[in-house]
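Please open the structure and keep the sequence at hand.

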Amino acid sequence: MDYKKLYDQVYTMAPTYGDFNHGRDAVEFVRSYNFRSIIELGCGSGEWLRTVDPPQGVGVDVSSPGADLTLDITRGLPFDDDSFDLVAAFDVLEHIGFDDMISVLFEIRRIAPRAIVSIGYGPSGHKHPGVDELHRTIMDQKQWIKVIKDSGMIFNRIIPPKYLCFGEW
């Protein structure tokens with residue numbers, strides 16, 4: 001799947017697509033840990049990372065002009081092991097195919113000892129001409145938690161209302 005091509009098309013048709021802050025419910029929670037370095041995957045406009053404002057923050061997105069680094073996370077992450085204190089991925093994993101998503105989970109594990117993720121568990125509802133469903137992996141809450149746990153994450157907390165999961169490897 002060429003995710004860059006897909007999201008280049010989405011951002012062309014809907015320039016504000018990445019502006020919605022899916023991690024807004026986690027801002028104060030993450031701030032309370034005083035993480036030194038955070039990488040946000042699927043950062044969109046970069047609003048969440050700017051709001052949390054860690055000493056070192058890197059926003060990564062496959063297409064958004066708000067990203068510090070534009071790359072397809074399914075092809076690996078160009079960072080050394082344990083480069084960050086935390087990986088944040090809000091409404092990202094469901095946008096990639098299942099096999100790619102499993103690889104991304106192991107990359108997340110490699111580059112940081114902790115992660116906070118949120119999952120959209122149903123169809124995205126975004127309809128753009130010529131663009132199929134944006135959520136490539138659709139599972140219910142129990143399936144998502146199992147897959148994430150199977151990657152090695154030990155959940156410290158599941159934060160309502162959305163499947164916001166915070167844990168460590």
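Predicted model: local features only at pLDDT ≥ 70, side-chain atom pairs only at ≥ 80, totals over all residues.

**Paired strands**

Strand β1 and strand β2 pair in the parallel sense, as do β2 and strand β3. Getting from β1 to β2, the chain passes through helix α3 (residues 47-52), and this β-α-β crossover is right-handed. The table sets out the two pairings.

| Strands | Bridges | Residues standing opposite |
|---|---|---|
| β1 (residues 37-41) and β2 (residues 56-61) | 5 bridges | Ile39 and Val58 |
| β2 (residues 56-61) and β3 (residues 69-70) | 2 bridges | Val60 and Leu69 |

**Helix α5**

Now turn to helix α5, which spans residues 141-150. Trp144, Ile145, Val147 and Ile148 are buried there. Viewed down the axis of α5, the buried residues fall within an arc of 165°, so they line one face of the helix. Lys142, Lys146 and Asp150 sit on the other side of α5 and are exposed.

At its start, a side-chain oxygen of Asp140 comes to within 3.2 Å of the backbone nitrogen of Lys142. After α5 comes Gly152, with a positive phi near 110°.

**A serine in strand β5**

Finally, find Ser118 in strand β5 (residues 114-119). Is Ser118 buried or exposed? Ser118 has a relative accessible area of 0%, which is under the 20% cut-off, so this residue counts as buried. The side chain of Ser118 also has a polar partner: the side chain of Asp91, in a contact of 3.0 Å.

Conventions
Residues numbered from 1 in each chain as written. Heavy atoms only, no water. Helix = DSSP H or I, 4+ residues; strand = E, 2+ residues; numbered from the N terminus. Buried < 20%, exposed > 50% of the residue type's maximum accessible area, 1.4 Å probe, protein only. Polar contact = N/O pair within 3.5 Å; in protein donor to acceptor, adjacent residues only side chain to side chain. Pairing = 2+ DSSP bridges. Right-handed = clockwise from strand over helix to strand, strands pointing away. Arc of directions from axis to C-beta.
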